[in-house]
Amino acid sequence: MTSITDPNMSVRFTSAMEEIHNKQLKTYGEIMDTTTELCQSHRLFMKTALDTCLKKSKDDEILFETIQTFKGDLEQKKSSLKEKHHAISEVISEIRQKEMQKDDIIQKIEKLKEEQAKRKELIESQNKANKDRLRNLQKARLVFQDHLGMEIRTILGKTQLVKSEKLQFVFRNINPSDQDSAYVVTMGIKEDGSYQIVSSDPALECLPVLESRLQETNNLPAFLANVRKEFISQARC
């Protein structure tokens, strides 16, 4: 067994203690290095995390601003769409009104066409009736003017019912005591084509009856013959 007084023992002990102390120092140094590295790594991590958080916060702010801008644009688009929808509704309403006006105009045009057709038919009917009356007048003129001394005059009508030209039938050779004395009946044609007796001179009480018969028969020579008979009868009284 080695004695503690052995010089080699003291050296070995010292050497062992120094070795242990050096190992501890080395371990402590390694710990310090590791701690330093950890601190640096932690600081780097914290800096990176902070930068990341700041970037994330900035990105969130940008995203928030983008969302707010999008909301504003969306509201503007909604408002614009609402205005366009209102404008479209007004245009549709105007189109419908114009369609109704168009239908109304078409109906009025059709009605005017029908009225024009009826008016044309009436005019043609009146022209035909007037031609018939003209033939009757010509016959009456031949009979009465050539054989009985009757004169036919044309005068301008002034009454409400007869505004066109009127005819005056002037009878002579009525009064035996005064062959040249004039007996006159004035007549015209109304708008509906019927005869209108205006007056007689001298007045004949039976003239309305004779007029009614003329309108029923449309026989003008017979009417003039009856008027002449009434004038003769009245002149002899």
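Predicted model: local features only at pLDDT ≥ 70, side-chain atom pairs only at ≥ 80, totals over all residues.
Local features need pLDDT of at least 70 and side-chain atom pairs count only at pLDDT 80 or more, while totals for chains, interfaces and linings use all residues. Residues are numbered from 1 along each chain as its sequence is written, and side-chain values use heavy atoms, with hydrogens and water left out.

Buried here is under 20% relative accessible area, exposed is over 50%, and partly exposed is in between (1.4 Å probe, protein chains only). Helices (H or I, at least four residues) and strands (E, at least two) are DSSP runs, numbered from the N terminus.

As for the rings, there are two aromatic pairs, counted when the centres of Phe, Tyr or Trp rings (six-membered for Trp) lie within 6.5 Å; planes under 30 degrees apart are stacked, over 60 edge-to-face, and the rest tilted. Tyr 183 and Phe 231 make a tilted pair, 5.3 Å centre to centre with 55 degrees between the planes. Tyr 183 sits in strand β3 and Phe 231 in helix α3, 48 residues apart, and both are buried. Ring pairs also tie Phe 171 into a cluster with these two.

Turning to the cysteines, the structure holds zero disulfides (cysteine sulfur pairs within 2.5 Å). Cys 53 counts as exposed because its relative accessibility is 51%, whereas Cys 206, at 22%, is partly exposed.
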